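Welcome! Please take a moment to look over the sequence and the model, and then read on for a short tour.

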Amino acid sequence: MADETLTESPFLGGELGSRIIDLYRPSLASKERIGFFSKEVASQTDQSDILDIKNVTVSFQSLLKDFSDAKRDLNFAKHALQADYEARMNERASELYCRLNERLEDVEKRHAERIQMVRNSYRTQLANCCSRIAAEFKAYYDDAPP
């Protein structure tokens, strides 16, 4: 659990973090002593087994290094894909925004043209009504006895 906390820490990433972890991670081969004044443990290994344990420890440390490299590469790939996705989404959003603005301008232009056509139509109808009323007014007063 403590090793996960150290590797996940953003302050201890890279070589410094791995050196600190290696410093505090126990290694069986480096702690075992053979001969006088050896440690008493529940199981005693033969002297020939120490080399195997050292080889396994070296292999395990190599695997840990490979795992941390793969983790770093995956993290980099994740960030690269995320940045690419965000760039494509921003490009798509910009394209949609431009298309929407163009369509809105087209709608506003057609609306203005239609309003102008309606105004001209009503202006024509008003002029026709005014000339008809004037003609009726003139006809009424011209035909009326003085």
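## A patch of rings on the surface

In this predicted model, three residues come together as a nonpolar surface patch: Phe137, Tyr140 and Tyr141. Together they have about 400 Å² of accessible area. Tyr141 belongs to helix H4, which spans residues 47-143.

The rings of these residues also meet one another. Ring pairs join Phe137, Tyr140 and Tyr141 into a cluster, and the count of aromatic pairs comes to 2. One of them is the edge-to-face pair of Tyr140 and Tyr141, with 5.1 Å from centre to centre and 80° between the planes. Is Tyr140 buried or exposed? Tyr140 is exposed, because its relative accessible area is 56% and the cut-off for exposed is over 50%.

## The chain as a whole

Stepping back, you will find 4 helices and 0 strands in the chain. Read from the N terminus, the order of elements is α-α-α-α.

Of the 146 residues, 5% count as buried. The chain exposes about 13,500 Å², and 60% of that comes from carbon and sulfur atoms.

## How confident is the prediction?

The average pLDDT of the chain is 80, and 64% of the residues score at least 70. Among the elements, H4 has the highest mean pLDDT, at 92, while helix H1 (residues 2-8) has the lowest, at 48. Over residues 1-7 the pLDDT falls below 50, and this stretch has 7 contacts in the model beyond near neighbours in sequence. Where pLDDT is low, predicted coordinates should not be read in detail.

Methods
Residues are numbered from 1 along each chain as its sequence is written. This is a predicted model: local features need pLDDT of at least 70, side-chain atom pairs count only at pLDDT 80 or more; totals for chains, interfaces and linings use all residues. Side-chain values use heavy atoms; hydrogens and water are left out. Patches are made of residues with over 30% relative accessible area and no salt bridge: like charges are joined within 9 Å, nonpolar side chains (Val, Leu, Ile, Met, Phe, Trp, Tyr) within 5 Å. Accessible areas come from the Shrake-Rupley method with a 1.4 Å probe; for residues, only the protein chains shown count as cover. A salt bridge is a side-chain nitrogen of Lys or Arg within 4 Å of a carboxyl oxygen of Asp or Glu. Helices (H or I, at least four residues) and strands (E, at least two) are DSSP runs, numbered from the N terminus. Buried means under 20% relative accessible area, exposed over 50%, partly exposed in between (1.4 Å probe, protein chains only). pLDDT is the predictor's confidence in each residue, from 0 to 100. Contact means heavy atoms within 4.5 Å. Rings of Phe, Tyr and Trp (its six-membered ring) pair if their centres lie within 6.5 Å; planes under 30 degrees apart count as stacked, over 60 as edge-to-face and the rest as tilted.
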